[in-house]
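Welcome, and please take a moment with the sequence and the 3D view. A short tour follows.

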Amino acid sequence: MMLLAMLWILFYLLRTVRCPCAVPYRDAHAGPIWLRGGLVLFGICTLIMDIFKTGYYSSFFECQSAIKILHPVIQAVFVIIQTYFLWVSAKDCVHVHLNLTRCGLMFTLTTNLAIWMAAVVDESVHQSHSYSSSHSNASHAHLASDQRAGNPVGGDSCLCSTAVCQIFQQGYFYLYPFNIEYSLFASTMLYVMWKNVGRFLASAPGHSHTPSPLSLFRDTFFAGPVLGLLLFVVGLAVFIIYEVEVSGGGGRTRQALVIYYSFNIVCLGLTTLVSLSGSIIYRFDRRAMDHHKNPTRTLDVALLMGAALGQYAISYYSIVAVVAGTPQDLLAGLDLTHALLMIAQHTFQNIFIIESLHRGPPGAEPHSAPTKEPCQNLTFTNLDAFHTLPACPPTPRLVSPSPADQREAVAIISAPRSQWRRRCLRDISLFLLLCNVILWIMPAFGARPHFSNTVEVDFYGYSLWAAIVNICLPFGIFYRMHAVSSLLEVYVLS
């Protein structure tokens with residue numbers, strides 16, 4: 001599949017180079033910089049993983065089939081070609097060979113989903129072997145090692161016994177989550193390209209919400225950025241403590257889990273309350289709602305709702321395991337609270353972001369333009385010259401103020417309130433942005449309390465629970481990154 005996908009990508013690139021008229025339009029909203037930057041970052045990590053994987057299998061190549069050694073090499077070439085293709089063509093709206101282009105994009109998307117599923121299966125198998133090795137005797141661990149190497153028992157020459165081989169093995173298993181995220185990013189961008197095939201865009205570019213550098217950090221109370229930075233720093237410290245202590249075993253593992261869950265409960269609780277506060281503030285916002293058709297905004301909303309389902313699933317299964325399982329202790333209570341707050345935080349944050357994205361930009365309040373009062377007591381003979389004259393000043397009248405004057409007076413009086421709401425919304429957006437960054441860093445770089453806490457493992461069994469987490473958690477990581485991008489746009493719109 002990867003070879004066929006690479007051939008189609010090369011065909012697409014050559015066609016667009018030789019025939020620029022094939023792409024008459026480019027969608028300015030498609031392929032934002034954060035999505036392309038994340039694709040490049042995870043692509044680099046995937047390349048490193050493929051290097052480690054090739055080195056690992058080459059350590060005992062006499063026991064491996066040639067296809068097993070060539071697979072990471074082919075995948076590395078595929079990642080390089082696809083990353084370049086998506087970087088330069090993510091905004092294309094193709095208007096030639098429509099059916100062929102749609103089929104090629106969908107085939108490439110399917111290839112990425114297949115790579116994602118293969119990575120999920122490999123990581124689940126590795127975690128199951130690691131769990132079995134740590135909870136069994138030495139002979140069972142020896143058998144698991146032989147099975148991982150793909151050899152019958154007794155083949156000592158095929159064991160990963162050297163230090164370099166073990167570094168390669170641990171390295172590429174550690175980088176599996178980045179490969180999974182790369183496949184999700186690539187699938188998202190390919191789906192956007194597929195939607196844009198044959199699409200016509202208006203010649204006049206739409207309004208942009210890109211902020212100027214001078215106004216990016218203006219008009220805030222600084223409470224949101226300061227509290228968000230504080231939680232970010234504390235979260236980094238908690239993450240380091242967790243990674244150091246969780247592998248200690250016994251009381252150290254329990255202490256690390258208590259610290260990890262306590263921080264996440266505080267962070268999720270604050271973000272839930274702040275998101276709810278932002279939604280309440282929008283009840284008093286006078287800005288007009290933007291009901292224009294916007295495919296990019298529609299896709300953003302769909303990605304937020306769809307990616308949240310992964311964390312919803314993990315939280316649901318955790319709640320079932322804690323409620324139905326025994327015994328009930330401190331870790332079970334923390335796990336239950338964490339799962340409930342995770343569902344609440346995703347729900348209220350999605351409501352806040354979606355409502356924010358449908359608000360008009362600053363200054364979108366409807367206002368009526370002042371009308372020119374016709375000149376009075378003016379004698380003229382040249383009609384064209386009369387139309388070039390400026391409007392005459394209004395004649396003073398002893399009458400009651402007009403409805404337009406009343407609206408203007410109300411707008412002047414309510415301006416400070418509107419400014420206060422804008423500052424609150426900016427603080428809320430920055431606070432949620434920083435919290436989502438630290439909540440992304442923890443699982444993206446290896447924090448797995450789902451396996452260190454044995455409540456779910458004892459209830460579902462390790463293999464089933466590992467499959468649930470490895471399938472759903474990448475969507476949760478993707479949700480955090482997409483939420484950061486959406487919150488940045490919310491901050492600008494506020």
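## The start of the chain

Please keep in mind that this is a predicted model. In UniProt, an unreviewed entry lists residues 1-19 as "signal peptide". In the model, that span is 89% helix and 0% strand, and the C-alpha atoms at its ends are 27 Å apart.

## A lysine in helix α2

Helix α2 covers residues 33-58, and Lys53 is part of it. Is Lys53 buried or exposed? Its relative accessible area is 8%, so Lys53 counts as buried, the cut-off being under 20%.

Which residues surround this side of the helix? Setting aside neighbours within four places in sequence, Lys53 has contacts with Pro72, Asp122, Tyr172 and Tyr176.

## Where α3 meets α7

Helix α3 spans residues 66-89 and helix α7 spans residues 176-196. Their axes lie 11 Å apart, and the two helices pack at an angle of about 40°. The pair is therefore oblique, and the crossing is left-handed.

From α3, the residues taking part are Gln75, Val79, Gln82, Thr83, Phe85, Leu86 and Ser89. They meet Asn179, Tyr182, Ala186, Met189, Leu190 and Met193 of α7. How do the residues of this contact divide by type? Eight are nonpolar, five are polar and none is charged.

Conventions
Residues numbered from 1 in each chain as written. Predicted model: local features only at pLDDT ≥ 70, side-chain atom pairs only at ≥ 80, totals over all residues. Heavy atoms only, no water. Helix = DSSP H or I, 4+ residues; strand = E, 2+ residues; numbered from the N terminus. Buried < 20%, exposed > 50% of the residue type's maximum accessible area, 1.4 Å probe, protein only. Contact = heavy atoms within 4.5 Å. UniProt positions renumbered as here; feature names shortened; annotations may be inferred. Axes fitted to C-alpha atoms, helices over the stretch in contact; angles between N-to-C directions. Parallel < 35°, antiparallel > 145°, perpendicular 65-115°, else oblique. Left-handed = near helix turned anticlockwise from the far one by under 90°. Nonpolar A, V, L, I, M, F, W, Y, C, P; charged D, E, K, R; others polar.
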